Amino acid sequence: MNSADRRRLLLIVGVLVIFLLPLLINGPLNPDTRAIPLGLDLEGGVDVQINVDTEYQTRQLLNDLKPAINTVLSRVLRGAGSHLRLTGANEVPGLRLSLENPAEDASAVAQELEAFIAEDGRLASFDPEALATSQGVVLTLNADYRRGELENAIDRAARIVKERVDALGVAQSDVRRESGDRIRIQLPGQRNPDRVINNLVRPATLEFRLVYPDEQAMPMEEVLAGLINPDGSLRPGARIPEGYVVVPGMPDDNLRFRARQYLDDPDNPTVAWYLLTEEPVIRGEHLRSVSARPGGSMGTEMVVGFELNGEGTRLFRNATEANVGRRLAIVLEGSVRSAPVIDEAISFGRGQISGNFTFEEASDLENILKTGALPARLVAGETSVVGASLGEDSIRSGIRASLTGATLVLIFMALYYSTAGLIAITALFINIFLVLGMLSLIRATLTLPGIAGIILTIGMAVDANVLIFERIREELLGGKSMRNAIGLGFNRAFSAIFDANVTTLITALVLLQFGFGPVRGFALTMTFGIFATLFTGLFVTQVFMGILYNMTQRMNLGRGKIIPDETHIDFMGKRHIAYIFSAVLILASLGDLIVNRGPALGVDFSGGVQAEIAVDQVLGRGDIERALTSRSFSSPQVQTIERKDITEETDEPEMTQEPEMTQEPGGAAQTEGGTARHAASNFLIRVAESEVRASEDDPSTSAEMQTVNRIVSDLQDAYPDAHIWVSQSRTVTAEAGALLRFMAILIAIIAAVFIFIYVAIRFDRLYGTAALVALFHDVFITLGVVTLLNVELSLDVVAALLTIMGYSLNDTIVVFDRMRENRHLMEGKAFGVITNLSINQVLSRSLITSGTTLLAVGMLLAFGGPGVYGFALTLCIGFVIGTYSSIFIAAPLVFTRMRRRQRAAAKA
């Protein structure tokens, strides 16, 4: 082995070691973590629904209006009395305005208010006559203004929740806004919903307020003693000093008025009360940075340090300079954490928040303060610890099927290409190893769409090696020596491999930037796979072949032939047959989509009914799915779940009633009038909207509950000895919904534009147009066939369609590259001759690559189980259509357009 080969080999070993380390550190060397985290669909995790408290938000908007309304009243009443307060909890949210002298002041006040409403636009019109009564009038918000403000608050809350989820360090989390006021969060691998909820719904408000000065006529403690009862309530008739508010806080060693308040923690019932200025000196938006760190006098407790921005520093300096000797309270989320005395002006704008934090509490506080305060109050809704959506049985089946398919591919490569095939197998293992190492390095989560990216990586890696080996064979047939043939083979295959991978990379990067949830997992894996393929295909394989040839002076590329060396199929002469065939497929797909009003949308897109079912027998996800699909439902989605609270009423309750949940998973369910039961199996079942039906014979029962009744009835028929009950059910909107559909279309358009630009630059505008036509041809026909076969369009199927885009484009670029090369080598030849020759030359490669990829996916389709059926079927259909289009559609389209261009030029 010469020195150059040694250096190359050392480089390969060095790269392998670099990517081995994260797999070891996150895997065998750290039993608390996985080498590669699994997504919610493969591992399970926490599924949380958070609701925005719209009524609270409405009342906050009304509170914000009170100063403006009081200003209007002060201009009119000129000293006369009025009362403006929020309506009660059981009333419509509004501001009740009553006048002390309604007979005298109602007309003037009504006139001013109407002018204010017309100019301001935040309040709805009111009845002026009601203002003249003793009850007064209730002012409500303008419906459009309220709706717009709530929508804005919900959207901002969803963005902040996403930032907080990202701060938790959960890779490939899924945060989506559902219809109405709901936000759905799925966190793979998490098992502590309480911590998740606490981090997501905390308001994260941070303020600095001045404490009531002790040098006033009455110390703060005495003022508070006259305001607050021992139970923490406000004394009747008590008047809080103007410009101040009463705020609870943590007790300290200084004198504070303390009330016995039994809140959530009976072991720590004492709370201190503070009188603070109504207007804060500093707010959370003035923060520049936040960090959790050890602190305190001994450095043994955790504190949260902060630094203010320029504006905050200025305000902080001015406030402390003007109030030396007073206390300044640090108010975190409505509670005083500490109230130190201002000894001198503070000009550097830095400080810390203490409070006996644990490391986890300090880290959580750091994260939520970094993301900022929520614009709305959030309330935790449904919370579940969710099992893998594919189910353990489906995962095992999928793994076995994938391994079987991969093994068959490796066997084929070894038999067909002999020694070179063994080198390709080694490079393929390195390729997959590099992808997994990168996923482990950045702690990315592996999901089912991510597995799709690995499948595409295997296909592209095999394709790169096949391209190289076929080019080497061509050079050998041309009389070159083995050494020269190897060098020329790699050099001449480079452009095809590079262009095919770059165009696929464009799609992956667009998906990574604009994609959502599972699709981003696919894009991330595919991106890593592309770089790994370029490294292994163009470098590792060449190094190994060079070393082996230098050592043995031999290299066996096998003698197998899928297509004879001298094939002369007239593809251009048969292009019209292909056009007609494709037109028939497109029209059939279009007709099918029209008749069925589009593809059958799964729950991911269409919404439907979701029910949590408990069974007192040990059943698997596959058992439930088979019971439902064999009776009333075509494609329900089933997840295993673990809940904190499941119960059953054993006196055969009506299924239209949702029983109260009072038991731990697997524990005894205690219910009124019922016998204790054990929930051995718990499932989350989603039924698409298209299968949610209401019977006209039972108008009193909602479509949701009728659907739930059908689920229970089907399961009871399948397992008559089992006790089955519903812990809860709800109607769900699309997890992706209109926004996901819009984003999918937008992603396709953006990717198409960038692909067209790249292909037009590298080849020609005609090639770019033909590539786009072939791309949409493949996706549209695949979608039509999938619809015809009644496969629901779910996020998994969308991931498969995206995989097809990448694969089809890869195939097309290889054909285009050979056409470009032959145009330079055969200058003066007719373009039809060049195109036919180019397709014939790459035909063997196309069939081998497609065949090996279909072999792997076919095993997944045949033996992967129902959990991956739609995904694998879509891939199989798309790969066949993609191979067909690269040969019979893309290249002939270029030929047709080129001939028209040449004829137009000749006429000119």
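Biologist: Tyr-767 and Phe-816: buried or exposed?
Modeller: This is a predicted model, so local features need pLDDT of at least 70, side-chain atom pairs count only at pLDDT 80 or more, and totals for chains, interfaces and linings use all residues. Residues are numbered from 1 along each chain as its sequence is written, and side-chain values use heavy atoms, without hydrogens or water. The classes are buried (under 20% relative accessible area), exposed (over 50%) and partly exposed (in between), with a 1.4 Å probe and protein chains only. Both Tyr-767 and Phe-816 are buried.

Biologist: How many aromatic pairs does a search of the whole structure find?
Modeller: Rings of Phe, Tyr and Trp (its six-membered ring) pair if their centres lie within 6.5 Å; planes under 30 degrees apart are stacked, over 60 edge-to-face, the rest tilted. Over the whole structure, the search for aromatic pairs gives 14.

Biologist: What is the angle between the planes of Tyr-767 and Phe-816?
Modeller: A ring pair is described by the distance of the centres and the angle of the planes. Across the whole structure there are 14 aromatic pairs. Tyr-767 and Phe-816 form an edge-to-face pair, 5.0 Å centre to centre, with the planes at 85°.

Biologist: Which cluster member pairs edge-to-face with Tyr-416?
Modeller: Ring pairs link Phe-412, Tyr-416, Tyr-417 and Phe-469 into a cluster. Within an edge-to-face pair, at 4.8 Å centre to centre and 85° between the planes, the partner of Tyr-416 is Tyr-417.

Biologist: What is phi of Ser-418?
Modeller: Ser-418 sits in helix α9 (residues 391–441); a helix is a DSSP run of H or I, at least four residues, numbered from the N terminus. Its phi is positive in a residue other than glycine, near 55°.

Biologist: What is the relative accessibility of Gln-553?
Modeller: Gln-553 lies in the loop between α12 (517–552) and α13 (575–595). Its phi is also positive, near 60°. Gln-553 counts as partly exposed because its relative accessibility is 46%.

Biologist: Which helix gives the most to the positive patch?
Modeller: Arg-765, Arg-897, Arg-900, Arg-903 and Lys-907 form the positive patch, with Lys and Arg counted as positive and charges placed at NZ of Lys and CZ of Arg. Arg-765 is in helix α18 (residues 765–788). Four patch residues come from helix α21.

Definitions and conventions. Patches are made of residues with over 30% relative accessible area and no salt bridge: like charges are joined within 9 Å, nonpolar side chains (Val, Leu, Ile, Met, Phe, Trp, Tyr) within 5 Å. Accessible areas come from the Shrake-Rupley method with a 1.4 Å probe; for residues, only the protein chains shown count as cover. A salt bridge is a side-chain nitrogen of Lys or Arg within 4 Å of a carboxyl oxygen of Asp or Glu. Helices (H or I, at least four residues) and strands (E, at least two) are DSSP runs, numbered from the N terminus.
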